[in-house]
Amino acid sequence: MKAIGFIGYSNSGKTTLIEKLIPILKARGLSVSAIKNAHHGFDMDRPGKDSFRYREAGAGQVLIATALRWRCLPRRRKSRRPSKTCWRC
């Protein structure tokens, strides 16, 4: 497994860059997931939020974490029922 990290100031374009890299990496046959660090509470997968944008770009799983809690959003195949647990993360 290989990992890439992006660090930068708020609103500096990190999410936009990652959003564009995910489909490029997937086109090369790589499995791509994303981890989003949040410094405060977070809303789950709302349109326009980073976690939503990563999933829309094609990330297999998106994990959002704060100091107090975390949540994994696995990509589901349309034919499968939702799982109550995220065993992949």
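Which side chain does Glu19 meet in a salt bridge? Hold that thought for a second while I get the housekeeping out of the way. What you're looking at is a predicted model, where local features need pLDDT of at least 70, side-chain atom pairs count only at pLDDT 80 or more, and totals for chains, interfaces and linings use all residues. Numbering starts from 1 along each chain as its sequence is written, and side-chain values use heavy atoms, with hydrogens and water left out.

Okay, back to Glu19. Its partner is Arg53, with N to O at 2.8 Å. By salt bridge I mean a side-chain nitrogen of Lys or Arg within 4 Å of a carboxyl oxygen of Asp or Glu. This pair links distant parts of the chain: Glu19 sits in helix 1 (residues 14-27) and Arg53 in helix 2, 34 residues apart. Helices here are DSSP runs of H or I with at least four residues, strands are runs of E with at least two, and both are numbered from the N terminus.

How exposed are these two? Glu19 is partly exposed at 24% relative accessibility, and Arg53 is partly exposed at 22%. For the cut-offs, buried is under 20% relative accessible area, exposed is over 50%, and partly exposed is in between, using a 1.4 Å probe and protein chains only.

The structure holds two salt bridges, so let me show you Asp50 with Lys36, where the closest N and O atoms are 3.1 Å apart. Asp50 is in helix 2 and Lys36 in strand 1, so this pair ties together parts that are 14 residues apart in sequence. Lys36 is partly exposed, at 24%.

Now the strands. Strand 1 (residues 34-37) and strand 2 (residues 61-65) run parallel, joined by four bridges; strands count as paired if DSSP finds at least two bridges between them. Across that pairing, Ala34 stands opposite Val62, and Ile35 stands opposite Leu63.

On its other pairing, strand 2 goes antiparallel with strand 3 (residues 70-74) over five bridges. The two form a hairpin with four residues between them, and Val62 stands opposite Leu73 there.

So is strand 2 enclosed or open? Five of its five residues are buried, so strand 2 is largely enclosed by the rest of the structure. Gln61, Leu63 and Ala65 point one way, while Val62 and Ile64 point the other way.

Back to helix 1, which also holds Leu17 and Leu21. Leu17 is partly exposed at 41%, and together with Ile4 and Phe6 makes a nonpolar surface patch of about 290 Å². Leu21 is partly exposed too, at 27%. The C-alpha atoms of Leu21 and Ala57 are separated by 8.5 Å, and those residues are 36 apart along the chain.

Most residues other than glycine have a negative phi. Asn11 isn't a glycine, yet has a positive phi of about 65°. Asn11 is also exposed, at 80% relative accessibility.

Key
Patches are made of residues with over 30% relative accessible area and no salt bridge: like charges are joined within 9 Å, nonpolar side chains (Val, Leu, Ile, Met, Phe, Trp, Tyr) within 5 Å. Accessible areas come from the Shrake-Rupley method with a 1.4 Å probe; for residues, only the protein chains shown count as cover.
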